Amino acid sequence: NSQPKKQTPGIPPIDDSLLSSRPRRNRKTEAIRSLVRETILLPQHLVYPIFIHADSYVKPISSMPDCHVHSIPSLLEQVELAHQWGVQNVILFPKIDASLKSNTADECYNPNGLVPRAIHEIKRKFPQVMVWTDIALDPYSSMGHDGIVGDIVQGNQKQTVILNDETVEQLCRQALCHAAAGADVVAPSDMMDGRVGAIRRSLDAHGYSYVSICSYTAKYASSFYGPFRDALESAPADMPGVPKDKKTYQMDPGNAWEACREMELDEHEGADMLMVKPGLPYLDIIRLMREHTTLPIVVYQVSGEYAMIKAAAQQGWLDEKQCVLESLLCFRRAGANAILTYFAKDAAKWLVEEQGIARK
Ligand code: PBG
């Protein structure tokens, strides 16, 4: 720095008196960078989604490398491992045997079903871990839809649709069943109208006023859910008369203000947390919602986002750890309080190791 500046003929030297602001000074060492960093990511911000089935073996998911469909004992191991690194919230996704599926998805509120049993086991062994459940019919639906498929007649036209109000009744039964088993947070992901209010009223009427609702507020009709539907064999059925996609209930990827409208309704209906899904292509939605609500925002880094990072990392094209930590940090910067991510267990471990965060 004390060196006199070299002059190149024809290139005028940079004049310090004109360059009063040099932003690089705030980036010069890790000590300064971490001092001025606006956003931090901690293991406590992560929610770990775990796939489960009733079988006793653990099944790999080919489109989600390193993710498995777990048995109940291996689910408990996953919860313990994640918790050791500071992840205190998990969400369960069941793979239901085809023989238990139906259009009305009645298995979704079987008190002896897979999800209630899993909740019970987790709460017995790890009472301090918050257990979230997904509220929607698709894992239990023979049609592969989040709601009941049925015909309506409008004028003289018959149409096959996803029945809204009939579905909401089933969702209330499902939420009550999970609450009775000990769920801490229920997360309706079905996108039916009015479901948050209906679930809130049902829970309260049965004495579960302490059970939280994290609404999938802005859930888009996204192609990034493909690997998840592979894992659970829950894609819309390829049958005549069954709607082949979820576009009549999940949101159109072109819409942002509609997310605000859904948000106002969910707030009014009593949601405790609001979710945006998928994550990375929808950072603007997180920001928009953050600026229009005082409720916590949750984002879901979905299966397709996981698969993209994993696939590139396996090719040696991306550094998995750095790309994962960067994407998760960016969700926080965009305005998310919490993040559902299949990387939760690994990311928490990396955070503890890299940043020397005190272990829980
Ligand atoms: C079902 C549900 C889906 C996901 C979470 N809950 C799939 C869908 O809507 O088809 C997707 C999550 C992911 O892709 O990781 N209601």
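**Figure 1. Cover over the buried residues of helix α5.** In this predicted model, the buried residues of α5 are covered by elements that include the strands β5 (130–135), β8 (185–188) and β9 (212–219), and the helices α4 (164–181) and α7 (257–269). Helix α5 itself runs over residues 195–205, and its buried residues are Arg195, Val196, Ile199, Arg200 and Leu203. Viewed down the axis of α5, these buried residues lie within an arc of 130°, so they line one face of the helix. An α-helix has 3.6 residues a turn, so residues three or four places apart point the same way. Just after α5, Gly207 has a positive phi of about 85°.

**Figure 2. The largest nonpolar core.** This core has 102 residues. Helix α4 supplies the largest share of the core, eight residues. The residues with the most contacts inside the core are Val47, Val90, Val186, Ile286, Met289 and Val299.

**Figure 3. The contacts of Val47.** Leaving out residues up to four places away in sequence, Val47 touches Asn89, Val90, Ile91, Trp132, Ala338, Ile339, Leu340 and Ala344. Two of these names, Val47 and Val90, are also listed among the core residues with the most contacts.

**Figure 4. The residues around the ligand.** The shell around the ligand consists of Asp134, Ala136, Asp138, Asp146, Ser189, Asp190, Tyr225, Phe228, Arg229, Lys246, Val302 and Ser303. By type, the shell divides into six charged, four nonpolar and two polar residues.

Methods: Residues numbered from 1 in each chain as written. Predicted model: local features only at pLDDT ≥ 70, side-chain atom pairs only at ≥ 80, totals over all residues. Near = placed C-beta within 6 Å. Nonpolar A, V, L, I, M, F, W, Y, C, P; charged D, E, K, R; others polar. Buried ≥ 20, exposed ≤ 12 C-beta atoms within 10 Å, placed from the backbone. Helix = DSSP H or I, 4+ residues; strand = E, 2+ residues; numbered from the N terminus. Arc of directions from axis to C-beta. Contact = placed C-beta atoms within 7 Å. Core = buried A, V, L, I, M, F, W, Y, C linked by C-beta atoms within 7 Å.
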